[in-house]
Amino acid sequence: MKILVAGKGGVGKTTIAALLSHIFSNHNYKVLALDTDSVPNLAQSLGIPVDKAFKITPLTKNAELIEERTGARPGEGWGVLFSLTPKVDDIVEKYGVKIKENLNLVVVGSIDVSKEGCLCPAIALAKAFLRHVFLKRKEVIIVDAEAGAEVFGRGLAEKFDLFLCVTEPTIKSLIISKKLIKMARELGIKKTILVINKVTNTLNAAKNYSKIFPEENIPYHIIRFDPTLQEVEMKGLGVTSLSRNSIIVHDVFMLFNKISKYAK
Ligand SMILES: Nc1ncnc2c1ncn2[C@@H]1O[C@H](COP(=O)(O)OP(=O)(O)OP(=O)(O)O)[C@@H](O)[C@H]1O
Ligand SMILES: [Mg+2]
């Protein structure tokens with residue numbers, strides 16, 4: 001099962017992707033977590049110490065690897081021939097970070113052409129890698145996407161089985177999510193769950209949901225606001241440092257229960 005975690009900036013994508021990765025792997029799924037943010041921080045959320053997380057080079061920034069595999073250095077592109085089918089089948093083993101048994105992370109870096117400057121060898125490598133893992137790896141793949149709609153524009157989104165559209169319970173955030181869900185649908189992503197995060201008043205969140213999604217039957221899942229998350233983040237720690245009884249762990253576990261039904 002390939003799960004895309006996307007939504008507007010700061011809504012909780014990385015936190016939810018990290019918690020789901022741990023919960024899936026704790027329940028005997030093999031998990032591959034992929035960070036495609038241009039400012040990657042999934043490693044830290046997964047529990048890698050800050051100084052170590054800082055040292056991970058995203059694939060799209062690894063000039064040596066890019067040159068070795070595509071024949072051109074990042075930034076080159078115009079007028080330079082490079083391979084669009086680079087070797088990528090060893091990347092998880094060689095460049096992945098083992099978080100624990102059954103859970104690996106690859107920091108891909110941004111696949112957004114505008115963020116990388118051009119359709120350069122870096123993007124070619126990242127895309128070839130993503131196509132490869134989607135096709136060949138028999139794991140639960142959880143992608144923490146860059147904020148916004150870019151992920152729906154580049155011929156990758158349609159490969160996902162499930163889109164977790166993370167949103168805040170505000171009208172503004174829900175309207176943006178509605179647009180993202182429409183884009184996902186048009187691309188043919190079969191299943192979407194609207195994940196309404198940072199909820200302090202469940203009733204008001206549900207009311208806003210029905211205002212913005214009056215006739216559609218997009219399933220939604222509520223994750224309540226959890227003040228302990230900030231305490232953990234203030235110490236530079238990841239989701240593994242949250243108490244097992246914390247609100248967010250509970251609510252993401254309920255989300256896992258829903259998703260694992262599709263995964264079977
Ligand atoms: N349920 C929650 N309760 C309280 N705080 C939360 C909750 N979910 C996320 N946050 C907080 O919101 C902030 C943003 O979370 P996170 O980094 O996961 O969002 P993001 O969508 O990945 O952001 P970006 O778009 O920058 O990648 C963090 O400080 C996080 O602690
Ligand atoms: Mg993030």
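Helices (H or I, at least four residues) and strands (E, at least two) are taken as DSSP runs and numbered from the N terminus. The structure is a predicted model, in which local features need pLDDT of at least 70, side-chain atom pairs count only at pLDDT 80 or more, and totals for chains, interfaces and linings use all residues. Residues are numbered from 1 along each chain as its sequence is written, and chains are lettered from A and ligands numbered from 1 in the order in which they are written.

Asn102 is found in the loop between strand S3 (97-100) and strand S4 (103-107). Although Asn102 is not a glycine, its phi is positive, at about 75°. A residue is termed buried if 20 or more other C-beta atoms lie within 10 Å of its own, exposed if 12 or fewer, and partly exposed in between, with C-beta atoms placed from the backbone. Asn102 is partly exposed because 19 other C-beta atoms lie within 10 Å. A positive phi, of about 70°, is also assigned to Asn28, which is not a glycine. Asn28 lies in the loop between helix H1 (13-26) and strand S2 (31-35) and is exposed, with 7 other C-beta atoms within 10 Å.

Glu146 is placed in the loop between strand S5 (140-144) and strand S6 (162-167). With 21 other C-beta atoms within 10 Å, Glu146 is buried. Two residues are in contact if their C-beta atoms, placed from the backbone, lie within 7 Å. Neighbours within four places in sequence aside, Glu146 is in contact with Thr36, Asp37, Ser38, Ser110, Asp112 and Val151. Glu146 and Val39 are 107 residues apart in sequence, and their C-alpha atoms are 8.3 Å apart in space.

A nonpolar core is a set of buried Ala, Val, Leu, Ile, Met, Phe, Trp, Tyr and Cys residues joined through C-beta atoms within 7 Å. The largest such core has 78 residues, and those with the most contacts inside it are Ile3, Leu4, Val5, Ala33, Ile142 and Leu164. Helix H7 gives the most to this core, with 8 residues. Residues up to four places away in sequence not being counted, Ala33 touches Ala17, Ser21, Leu42, Leu46, Leu103, Leu105 and Ile142.

Helix H7 (residues 121-136) also packs with helix H4 (residues 63-70), at an angle of about 75° and with the axes 10 Å apart. H4 is therefore roughly perpendicular to H7, a term covering angles of 65 to 115 degrees, whereas those under 35 count as roughly parallel, those over 145 as roughly antiparallel and the rest as oblique. Axes are lines fitted to C-alpha atoms, for helices over the stretch in contact, and angles run from 0 to 180 degrees between N-to-C directions. Ile66, Arg69 and Thr70 in H4 meet Pro121, Ala122, Ala124 and Leu125 in H7.
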